Number of protein chains: 2
Amino acid sequence: MNVQLTERVKCSECPIRHRAVCARCDDSELDKLDKIKSYRSFKAGQTIIWRGDDLTHVSSVVAGIATLSKTLDDGRMQMVGLLLPSDFIGRPGRDTLDFDVTAASDVTLCSFERKPFERLLVETPHISQRLVEMAMDELDAARDWMVLLGRKTAREKLASFVQMLVQRSHIDGTAIPELVLPLTREEIASYLGLTLETVSRQFTQFRKDGIVEFKDRRNFIVIDHAALLEATGDDADGGVIV
Amino acid sequence: MNVQLTERVKCSECPIRHRAVCARCDDSELDKLDKIKSYRSFKAGQTIIWRGDDLTHVSSVVAGIATLSKTLDDGRMQMVGLLLPSDFIGRPGRDTLDFDVTAASDVTLCSFERKPFERLLVETPHISQRLVEMAMDELDAARDWMVLLGRKTAREKLASFVQMLVQRSHIDGTAIPELVLPLTREEIASYLGLTLETVSRQFTQFRKDGIVEFKDRRNFIVIDHAALLEATGDDADGGVIV
DNA sequence: CGCTATCTTGAATCCCTTCAAGTCGCGTGG
DNA sequence: CCACGCGACTTGAAGGGATTCAAGATAGCG
């Protein structure tokens with residue numbers, strides 16, 4: 001694997017320290033993690049883990065965006081997860097994954113060898129508790145996504161996606177109204193169960209409807225938040241996807 | 001809630017003892033569970049938990065089938081989970097669910113009050129470990145379902161559903177080739193992201209193709225397993241949904 | 001025996017896909 | 001510097017698969 005090492009950051013100064021799998025750890029527990037962790041970086045487009053590969057490491061995303069995707073025999077692809085900083089890759093107790101993990105942007109991971117991590121897990125309830133919580137959150141998000149995939153129209157799907165970006169920008173605390181599409185049209189399509197042409201057409205429609213305004217192909221601002229929310233098909237505050 | 005009590009079964013003699021949340025418990029741990037458990041029964045069609053309801057209990061399904069579903073403003077509904085015996089209802093650490101839980105058949109639950117259960121969870125790693133494992137399995141299943149909802153045709157969706165029933169009948173060990181549809185056409189449609197008419201039409205097509213043979217509306221046998229598998233759109237053994 | 005819920009079938013419609021052509025923006029090399 | 005080429009994106013037109021609307025069949029149950 002084409003891996004680049006990155007300079008070490010102490011856990012206590014890590015940007016994802018309060019949201020990642022280590023969120024509940026105390027100082028002594030962080031020390032243990034610090035000793036067995038290593039950083040790995042991937043360029044945009046690189047595959048981080050192939051479906052079925054022996055899972056030597058489990059990791060937290062420190063920076064960048066990764067995607068989880070599954071492919072059918074004939075090439076049809078469906079994204080089944082989007083990993084943002086602090087999200088966890090890998091499943092303790094299983095030595096392969098049933099989907100590909102790909103770097104959508106340049107990605108930096110905080111990695112642990114699986115076996116030592118699993119041993120640590122047994123004696124560190126703070127980590128396993130957090131892992132359960134994160135798995136449950138992911139399950140909630142997956143269920144919202146199932147509603148989107150099974151029942152929403154193309155317009156509603158894209159509106160939901162944009163709304164998710166809006167929500168996330170609030171969490172990140174960036175007060176800038178300008179948003180960035182973290183994925184290509186094709187990746188967005190893969191996420192939403194659409195074709196890239198349909199995604200493009202719906203973006204055009206949003207522009208014509210005065211809901212968004214594009215600065216260039218990747219950067220845009222939401223002009224009419226109410227209309228966007230209306231277009232998602234959800235209730236005012238429900239159905240929000242992490 | 002229209003609840004009926006059912007006679008107590010000792011945990012050690014419980015039919016789901018080795019698959020449910022208690023699977024890893026030893027005798028002394030089972031004793032603790034035995035003391036705080038109660039049985040509750042629901043008639044087919046009854047709602048077990050409404051979305052947003054205060055979650056007083058968490059439960060294991062002992063017998064019957066329950067569905068998890070979400071509904072959009074305008075009434076569109078999507079099933080987001082199917083609970084079979086041994087599956088768990090409820091999320092420790094959260095006091096509501098974001099979906100409705102409904103009895104698809106007559107259902108018997110083994111329930112625990114949430115608060116005592118959560119206390120037990122802290123001091124009983126065997127239970128929390130099993131809970132993680134089950135959540136992870138559910139997440140895997142949810143991801144397979146996302147591929148189905150996002151990318152498969154109506155024919156492939158229904159074939160995948162029937163194939164799941166076949167798989168499950170093997171697990172249950174019933175050597176009888178006759179299978180039972182545990183859901184109505186409408187419920188199947190809700191599960192597959194289709195309309196009930198489309199489900200009906202695809203069943204008819206399967207009959208015409210000689211893949212299945214119906215004894216009546218609910219009971220059928222698979223005649224051509226190879227063709228069924230072919231029709232799922234998955235690889236030979238991959239993409240199986242539990 | 002008829003009532004009702006469930007299911008099947010048909011015909012028309014529509015939304016999304018597919019196929020195709022063209023545009024835009026950017027880095028590379030002549 | 002500009003032409004070139006390529007990847008990403010947009011737009012159009014045609015086609016198709018699933019939905020919608022509607023009517024009828026079937027089976028279970030009082």
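This is a predicted model: local features need pLDDT of at least 70, side-chain atom pairs count only at pLDDT 80 or more; totals for chains, interfaces and linings use all residues.
## The interface of chain A and chain B

The size of an interface is often given as the accessible area lost when the parts come together. Here, chain A and chain B bury about 3,900 Å² between them. Of that area, 55% is on carbon and sulfur atoms. Three residues of chain A lose the most area to chain B: A:Arg143, A:Met146 and A:Arg151. Together they account for 21% of what that side buries.

In terms of contact, 44 residues of chain A meet 44 residues of chain B. The rule also finds 24 residue pairs in polar contact across this interface, both residues being at pLDDT 80 or more. Four elements of chain A give two or more residues each to the side that touches chain B. They are the strands β4 (66–71) and β5 (77–83), and the helices α3 (125–151) and α5 (185–192). Helix α3(A) gives the most, with 17 residues. By class, this side of chain A has 18 nonpolar, eight polar and 18 charged residues.

## Salt bridges

Side chains of opposite charge can pair when their charged atoms come close. Over all chains, the whole structure holds 36 salt bridges. Across the interface of chain A and chain B, the rule finds 14. One of the pairs joins A:Arg91 to B:Asp140, at 2.8 Å from N to O.

Another salt bridge lies within chain A. A:Glu118 pairs with A:Arg114, and their closest N and O atoms are 3.0 Å apart. Both residues sit in helix α2 of chain A. They are four residues apart, about one turn of the helix.

## Helices α2 and α3 of chain A

Two packed helices are described by the angle between their axes and the distance between the axes. Helix α2 (residues 114–123) of chain A packs against α3(A) at an angle of about 100°. The axes are 5 Å apart. The angle falls within 65 to 115 degrees, so α2(A) is roughly perpendicular to α3(A).

From α2(A), the contact involves A:Phe117, A:Leu120, A:Leu121 and A:Glu123. From α3(A), A:Pro125, A:Ile127, A:Ser128 and A:Leu131 meet them. The residues of this contact divide into six nonpolar, one polar and one charged.

Conventions:
Residues are numbered from 1 along each chain as its sequence is written. Chains are lettered from A and ligands numbered from 1 in the order in which they are written. Side-chain values use heavy atoms; hydrogens and water are left out. Contact means heavy atoms within 4.5 Å. Buried area is the accessible area (1.4 Å probe) that two parts lose on being put together, summed over both. A salt bridge is a side-chain nitrogen of Lys or Arg within 4 Å of a carboxyl oxygen of Asp or Glu. A polar contact is a pair of N or O atoms within 3.5 Å; within protein, one must be able to donate a hydrogen and the other to accept it, and residues adjacent in sequence count only if both atoms are side-chain atoms. Ala, Val, Leu, Ile, Met, Phe, Trp, Tyr, Cys and Pro count as nonpolar, Asp, Glu, Lys and Arg as charged, and the others, Gly among them, as polar. Axes are lines fitted to C-alpha atoms, for helices over the stretch in contact, and angles run from 0 to 180 degrees between N-to-C directions. Angles under 35 degrees count as roughly parallel, over 145 as roughly antiparallel, 65 to 115 as roughly perpendicular and the rest as oblique.
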